[in-house]
Each structure stands twice: as structure tokens, then as C-alpha cells.
Amino acid sequence: MMNQYETVFIMTPVLSDQQMKETVEKFKGVLTAAEIINEEEWGLKTMAYPIQKKSTGFYELIEFKAEPETVAKLEIAFRRDERVIRFLTVKLEKYAAEYAAKRRNKFNNKED
């Protein structure tokens, strides 16, 4: 049973652009069994409160369809990587998936 998920993770702000891209590719590699629907790089943002004495971080969103076991593997990989300071993965229900599709279309139309 493939479910639709959305994961957002925050990487430490001391990474170079190359290191940040390598980190994202590492987690996309964990999602080989999944179908990646959307990926957004939100860039360097100020956090609401400091985490590990850091007040900023690189934000990344990945939307994908996968089995629950794949999500478990992804979260283990997040916990083992010292470059990730926070992550959150949520299962998108029917209405949330529809909203995500609308948001994606709106975002993609703005880039044109």
C-alpha cells in the first residue's frame, strides 16, 4: 500500500552549497523504492528558536509516495546524519494531498 508523504528537514547552516546538495541526494537515495513527486529547496531560513545553538538552517521539502517501511528507513537515516538538525515526516490524507497538488501547481506556474 503506497501512501503519500511529505518530509521537511533542516540542515545545519555551516554546510557549503555542495555539501547541502550531497546531503539531499543522500536522502533521495534512501527513497529509491519511493516515487518522488515534488522537491523544494527553501534555502537558508531563520528558525523560530535556536536548535543546537544554531538560529538558521537550510530547509528542504520532499513529497513522495512510498511504503511505510521506506519512511522508517528515511527517518533512521535522518537520525544518523549529524548534518540534519530537525526533520518531520507526515502522511498526507486525501485532502492534504489535494492541497499539496494545488500548492505545487501554483508554485510551478509562478516560475514561468
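This briefing describes the sheet, the helices, the nonpolar cores and one hairpin loop of the structure above.

The model is predicted: local features require pLDDT of at least 70, side-chain atom pairs count only at pLDDT 80 or more, and totals for chains, interfaces and linings use all residues. Residues are numbered from 1 along each chain as its sequence is written, and side-chain values use heavy atoms, with hydrogens and water left out. Four strands form an open antiparallel sheet, and helices H1 and H2 pack on it. Helices (H or I, at least four residues) and strands (E, at least two) are DSSP runs, numbered from the N terminus.

**Sheet**

- The strand order is S2-S3-S1-S4, with antiparallel pairing; two strands pair if DSSP finds at least two bridges between them.
- S2 and strand S4 (84-91) stand at the edges with a single partner strand each, so one side of each has no neighbour in the sheet.
- From one strand to the next, the twist averages 20 degrees. Angles run from 0 to 180 degrees between N-to-C directions, and axes are lines fitted to C-alpha atoms, for helices over the stretch in contact.
- Strand S1 (residues 3-11) is joined to S3 by nine bridges, and threonine 7 has isoleucine 62 as its bridge partner in S3.
- Eleven bridges join S2 to S3. The bridge partners in S3 include phenylalanine 58 for leucine 44 and lysine 65 for glutamate 35.

**Helices on the sheet**

- Helix H1 (residues 17-30) touches S1, S2, S3 and S4, where contact means heavy atoms within 4.5 Å. The direction of H1 makes about 155 degrees with that of S1.
- Helix H2 (residues 68-80) touches S1, S3 and S4, and its direction makes about 165 degrees with that of S4.

**Helix pair**

- The axes of H1 and H2 come within 9 Å and cross at roughly 150 degrees. H1 is therefore roughly antiparallel to H2; angles under 35 degrees count as roughly parallel, over 145 as roughly antiparallel, 65 to 115 as roughly perpendicular and the rest as oblique.
- The crossing of H1 past H2 is right-handed, a term for the near helix being turned clockwise from the far one by less than a right angle.
- On the H1 side, Lys26, Phe27 and Val30 meet Thr70, Lys73, Leu74, Ala77 and Phe78 of H2.

**Nonpolar cores**

- The largest nonpolar core has 18 residues, and those with the most contacts inside it are Phe9, Met11, Phe27, Leu31, Phe64, Leu74 and Phe78. Such a core is a set of buried Ala, Val, Leu, Ile, Met, Phe, Trp, Tyr and Cys residues joined through side-chain atoms within 4.5 Å.
- S1, H1, S3 and H2 are the elements that give two or more residues to this core.
- Leaving aside residues up to four places away in sequence, the contacts of phenylalanine 64 include Tyr5, Leu31, Ile37, Val71, Leu74 and Thr89.

**Hairpin loop**

- The hairpin of S2 and S3 has two residues between the strands.
- Glutamine 52 lies in the loop between strand S2 (35-51) and strand S3 (54-66). Glutamine 52 has a positive phi of about 50 degrees although it is not a glycine.
- Lysine 53, in the loop between S2 and S3, likewise has a positive phi, near 65 degrees.
- Glutamine 52 is exposed at a relative accessible area of 51%, and lysine 53 is exposed at 84%. Buried means under 20% relative accessible area, exposed over 50% and partly exposed in between (1.4 Å probe, protein chains only).
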